[in-house]
Amino acid sequence: RYMYSDEIDLEADTVLATLYAAKKYIVPALAKACVNFLETSLEAKNACVLLSQSRLFEEPELTQRCWEVIDAQAEMALKSEGFCEIDQQTLEIIVTREALNTKEVVVFEAVLNWAEAECKRQGLPVTPRNKRNVLGKALYLVRIPTMTLEEFANGAAQSDILTLEETHNIFLWYTAANKPKLEFPLTKRKGLVPQRCHRFQSSAYRSNQWRYRGRCDSIQFAVDKRIFIAGLGLYGSSCGKAEYTVKIELKRLGVVLAQNLTKFTSDGSSNTFSVWFEHPVQVEQDTFYNVSAILDGNELSYFGQEGMTEVQCGKVTFQFQCSSDSTNGTGVQGGQIPELIFYA
C-alpha cells in the first residue's frame with residue numbers, strides 16, 4: 001500500500017514486519033517511519049524485545065534509545081514478559097551491561113525466568129539442569145558475588161541452578177580469609193550516576209515561614225530531551241535534626257505517573273535531602289509535568305530563593321512554571337523542591 005499510495009499507517013502488531021519488508025526491499029522512508037514509531041512506543045516493558053530487533057535490523061539509533069530505557073529502568077525492563085522473549089545473544093549482551101541500574105539479585109532472577117521460557121521454547125522439561133544448559137555461558141555473566149550474603153543465601157543459593165561446589169565456594173568467598181577462585185565476575189556494576197537540576201541560586205530560613213502541616217509544595221517543569229525522573233531533593237529543618245514524613249508525586253495532565261510515601265531525616269543544614277520514586281519515570285520532551293511534595297513535620301525549614309525559569313543541566317534544559325497544585329507557597333522564584341534528580 002505504501003509503494004502505491006505513499007501513505008503510512010503503522011500499528012504496534014505490524015510495525016516490525018513492516019520494518020523487515022522496508023529493509024528487504026530498500027524503502028528507506030518507510031523504514032525510518034517504522035523506527036520513529038518504535039521509538040515513540042518504547043517503554044520498559046518492550047525495551048528488551050526492541051533491543052533484540054534493533055540489533056537484527058541494524059538500527060543504531062533505536063538500539064541507543066533502547067539502552068537508555070533499559071539502563072535507567074533496568075528492574076522494570078528485566079522483570080517484563082518481553083525480557084523472556086529475547087534471543088540468547090541479546091540476553092548475554094544485556095547481562096554483560098555495566099550501566100544496568102539495578103540490584104544483581106534482579107538480574108539473576110531475570111536470567112532464571114528467561115531460562116524457564118527457553119526450556120519451554122525448546123520443548124524441554126523445566127528442570128534446574130536444563131535451565132543451566134540453555135543458559136550456557138550467560139549464567140557466568142551474572143555478578144553473583146556482588147550480591148549481599150543475605151541476598152545470595154535467600155535466592156541464588158537455593159535456586160538449584162548452581163552446583164553444590166559453586167554454592168560452597170561462593171559462601172567461602174563471602175566469609176573466608178583465604179578466598180577460593182570463582183568463575184563469576186567479582187566487581188559490582190557501575191550503574192548510572194544520577195544528575196541533579198538545581199533551580200535556586202541561594203537558600204535561606206526565617207522564623208515565621210515554611211512550616212509543614214500537610215500542605216502541598218509543587219512546581220511544573222518541562223525538558224528539551226527525554227529523561228528519567230528518579231526523585232526529588234528537598235530542604236529540611238533549619239532548627240537542628242528533624243524527621244519528616246513526605247509524599248512525593250509526579251503527574252502529567254493530572255494523571256499520577258509515580259508517587260512514594262516515605263520519611264527522611266534532615267541534619268539542620270541547608271543541604272538537600274534525596275527522596276526517591278520507586279522506579280525512575282520516563283519523561284518526554286516539550287511537555288509540562290507536575291512534581292509535588294507534601295511534608296509533615298513540626299520543624300521550620302530552609303527554603304530556596306532566586307529561582308530560575310530555565311536551567312541548563314548537562315545536555316538537558318529544564319523550564320519551570322508555577323503550579324496550581326501548590327498550596328504552601330512554592331513557586332518558580334522560591335520555596336521547596338530545590339532539586340530534580342534524573343538520569344539522561
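Where does Gln336 lie? Gln336 is in the loop between strand S11 (316–322) and strand S12 (339–343); helices (H or I, at least four residues) and strands (E, at least two) are DSSP runs, numbered from the N terminus.

Quick housekeeping. This is a predicted model, where local features need pLDDT of at least 70, side-chain atom pairs count only at pLDDT 80 or more, and totals for chains, interfaces and linings use all residues. Residues are numbered from 1 along each chain as its sequence is written, and side-chain values use heavy atoms, with hydrogens and water left out.

Back to Gln336: its relative accessible area is 0%, so we call it buried (under 20% relative accessible area; exposed is over 50%, partly exposed in between, with a 1.4 Å probe and protein chains only). In H11, Glu166, Thr167, Asn169, Ile170, Trp173 and Tyr174 are buried. They sit on the same side of H11, because they cover an arc of only 165° around the axis, taken from the directions from the helix axis to the C-beta atoms. Those buried residues pack against helix H9 (128–135) and helix H10 (149–154). Turned away from that side are the exposed Leu164, Glu165 and Thr175.

Last, cysteines. Searching the whole structure turns up zero disulfides, a disulfide being a pair of cysteine sulfur atoms within 2.5 Å. Cys216 is in none, and its nearest cysteine sulfur, that of Cys322, is 13 Å away. Cys313 is in none either, with the sulfur of Cys197 nearest at 5.1 Å.

Notes: Contact means heavy atoms within 4.5 Å.
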